[in-house]
Each structure stands twice: as C-alpha cells, then as structure tokens.
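This briefing concerns a single protein chain and is intended to be read beside its sequence and coordinates. Please consult the structure as each topic is taken up.

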Amino acid sequence: MAIAKAERLMNLALCLLGTRRPLSKRELRESIEAYLEAGSDDSFNRMFERDKDDLRELGLVIETVENLDGETGYLARRDSNRLPAITLDAEEAAALGLAAKVWQQARLAGAANGALQKLRAAGMPEAEDSYEAHHSALEPRIPVHEAAFEPLMLACRDRRPVVFDYRKANAAKPEQRQVEPWTLECWRGHWYLAGWDRERRAERVFRLSRISGRVRSRSGAFTAPVPDVVTVRETVESWAGETATRSALIRLRSDSGYPLRARAVSSRELGDGWDELEIPYGHGLDAWLVEFGPDVVVLEPADLRADVVDRLRAVARA
C-alpha cells in the first residue's frame with residue numbers, strides 16, 4: 001500500500017508539473033490510473049484531497065486556478081518548484097567528502113558515494129584534501145557490524161514501533177522488548193538505540209550488539225511523544241557512568257585498562273603488577289567494568305562491587 005501511494009503521488013506531481021494549463025479534477029482522474037480505480041466520486045475526492053495536501057506538505061507549490069466556466073483547475077509551475085543551484089565552497093566540499101569516507105564501512109556507503117558523485121557532476125569543487133595523502137595510516141570510520149542497524153535506522157526514519165530480543169549485561173537469556181525507536185547514536189565504537197520502552201513506560205537505551213535475532217516492525221502509531229531534540233549522547237553517557245555522582249576505588253592490572261586510566265581522578269602503584277585508581281562513579285559503571293574481565297577488581301563502594309560480581313557470575317552461567 002505504501003508503494004502504491006508513493007506511485008500515485010509521483011504520478012500526480014508529474015501531471016501537475018508537466019501541464020501548461022490548469023487541470024481539473026476530472027482531467028486528473030482520467031490521467032492517473034489509481035484515480036480511475038476509485039470506487040466512487042466521493043472516494044476519489046477524498047483520495048485526491050489527501051494526495052494534494054501530502055504533496056504540499058512535501059514542498060510542492062500547487063496553484064488553484066478558476067477558469068472562465070467557474071471550474072477549478074490545478075497546476076504546479078516549474079519556476080515556482082525549481083530548487084536553487086547548489087553552491088559549495090572548498091571547505092564545505094571537503095566536509096562532505098570526509099563525511100562520505102566515514103560511512104564507507106556502513107550500509108549507507110552506496111548512498112553517500114552516489115550523492116557525492118551527483119554533487120560533483122553538478123559542479124561541486126574538488127577540494128584539495130591533505131587528508132587523502134595520509135588516509136592509509138589514519139582514517140575515520142563509523143563501524144556498523146550489527147545486523148540490527150539497518151532495520152532500526154529505517155524504523156527511526158519511518159517512526160515504526162519494533163520488537164526485538166535483548167540481553168542485558170547481567171542476564172543469562174534475552175528478553176523481548178517493544179520499543180518506539182527515536183534515534184541511533186555511535187559512542188565509543190558501539191551503536192546505541194534510544195527510544196520508548198512500551199512495557200516499562202520509560203525512555204531506554206539499548207546497545208545494538210546485545211540485540212539477538214531479527215528486529216521485527218509493528219504497525220500502529222507511537223504512543224509516547226518523540227522529543228524535539230533527543231540528547232542520546234548525554235543519555236548514553238549517563239548510562240555508561242559518564243555522569244558521575246560518586247567516586248569508586250578499583251585495582252587495575254598494570255599496562256591494561258587505558259580507557260579507565262584516562263578517566264582516573266588519581267592513581268598509585270600497588271606493586272605486583274597492580275595499580276589503584278579512583279574513578280568517577282555513575283549509573284552503568286558496573287557494566288563497563290565487566291568488559292575488562294580479570295584485569296579489574298572493585299574495592300569500593302560495596303554496592304558497585306556486588307553489581308560487578310553479579311554480572312560476572314551471570315556471564316559465567318551463560
């Protein structure tokens with residue numbers, strides 16, 4: 001049905017853009033096959049009015065003209081609907097070129113490179129990019145290895161609810177989640193989904209690498225409002241312990257755990273291949289510490305130590 005409507009809208013737009021004189025509803029109905037199949041005049045009128053409103057919402061300027069006989073006609077003048085020429089300076093061209101390179105490993109690589117080629121064909125300047133000479137040594141990437149990325153990206157774009165199986169870091173088995181997806185965010189090399197968890201009736205953040213099985217789309221509208229600006233990065237950081245409210249004391253094996261060392265408020269050598277670090281402690285820090293395995297031992301606080309031990313035991317049982 002979505003494809004049929006898109007085709008109908010395209011045909012209506014082409015008719016309105018291709019005519020030199022206003023076309024009446026009757027003429028438009030005779031020209032577009034989907035309108036000919038409408039069961040009644042009322043059905044056609046409702047369909048046409050919705051399509052006309054949809055095209056206007058998409059940005060097409062449709063004029064309504066009344067002829068000498070009092071009949072209403074419609075047309076979309078090309079001069080009113082022609083986009084201005086795209087002009088980019090060298091710095092803007094370099095930024096677009098770099099953005100296309102960032103997506104080379106993602107499923108959006110083809111679309112990014114295709115858009116870049118079209119812009120260059122339209123006259124976008126070829127920027128002198130000193131980055132090119134060194135790209136083999138250091139090149140920015142957005143890695144996308146999770147199978148859930150593409151269906152979630154499309155669901156975020158189309159505002160479609162989804163269902164998937166999700167395994168928390170301290171759980172042995174995945175649980176089904178019903179989510180209204182808002183947006184995706186890449187943070188520290190991992191992709192996260194922010195959205196509304198219907199069962200918990202609250203905003204939640206999901207790490208894509210913990211989604212198992214297939215992401216299934218569901219029909220129906222969102223039940224919770226989508227924020228105008230979704231500050232996913234701030235939310236993910238708070239869930240990963242970046243928004244600190246306390247301090248934690250840990251033992252860290254020497255020459256390991258460099259991300260933890262970068263966040264340390266203080267550190268000292270303990271000897272025997274161990275160091276003691278004080279790091280900010282916020283929600284989700286236990287899940288992050290578990291990723292370092294036997295290289296980290298939590299000394300205090302006791303509740304953080306207990307959470308880490310519980311997570312490690314769950315992993316051992318899995």
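The structure is a predicted model, and the mean pLDDT of the chain is 81. A search of the whole structure returns 20 salt bridges. Among the residues involved, Glu175, Arg177, Asp197, Glu199 and Arg200 are joined in a salt-bridge network.

**Confidence**

- In this chain, 78% of the residues reach a pLDDT of 70 or more.
- Over residues 129-138 the pLDDT stays under 50. For that stretch the model has 7 contacts beyond four places in sequence.

**The salt bridges of aspartate 197**

- Aspartate 197 forms a salt bridge with arginine 177, and the closest N and O atoms of the pair lie 3.2 Å apart.
- Arginine 200 counts as partly exposed because its relative accessibility is 32%.

**The surroundings of arginine 177**

- Arginine 177 is placed in strand β5, and its side chain is joined to that of aspartate 197 by a polar contact of 3.2 Å.
- Leaving aside residues up to four places away in sequence, arginine 177 touches Val162, Val163, Phe164, Tyr166, Lys168, Asp197, Arg200 and Phe206.

**The salt bridge of arginine 268**

- Arginine 268 and glutamate 276 form a salt bridge in which the closest N and O atoms are 3.0 Å apart.
- Arginine 268, at 48% relative accessibility, counts as partly exposed. Glutamate 276, at 15% relative accessibility, counts as buried because the limit for that class is under 20%.

**The three-stranded sheet**

- An open sheet is formed by 3 strands in the order β1-β3-β2, with antiparallel pairing. Its edge strands are β1 (23-24) and β2 (63-66), each of which pairs on one side only.
- Strand β2 is joined to strand β3 (residues 72-75) by 4 bridges, and the two strands run antiparallel. Within this pairing, valine 65 has glycine 73 in β3 as its bridge partner.
- In general, the strands of a sheet pair through backbone hydrogen bonds, in either a parallel or an antiparallel manner.

**Arginine 20**

- Arginine 20 lies in the loop between α1 (2-18) and β1. With a relative accessible area of 86%, arginine 20 is exposed.
- The C-alpha atoms of arginine 20 and arginine 77 are 8.0 Å apart in space, although the two residues are 57 residues apart in sequence.

Key:
Residues numbered from 1 in each chain as written. Predicted model: local features only at pLDDT ≥ 70, side-chain atom pairs only at ≥ 80, totals over all residues. Heavy atoms only, no water. Salt bridge = Lys/Arg side-chain N within 4 Å of Asp/Glu carboxyl O. Buried < 20%, exposed > 50% of the residue type's maximum accessible area, 1.4 Å probe, protein only. pLDDT = per-residue confidence, 0-100. Contact = heavy atoms within 4.5 Å. Pairing = 2+ DSSP bridges. Polar contact = N/O pair within 3.5 Å; in protein donor to acceptor, adjacent residues only side chain to side chain.
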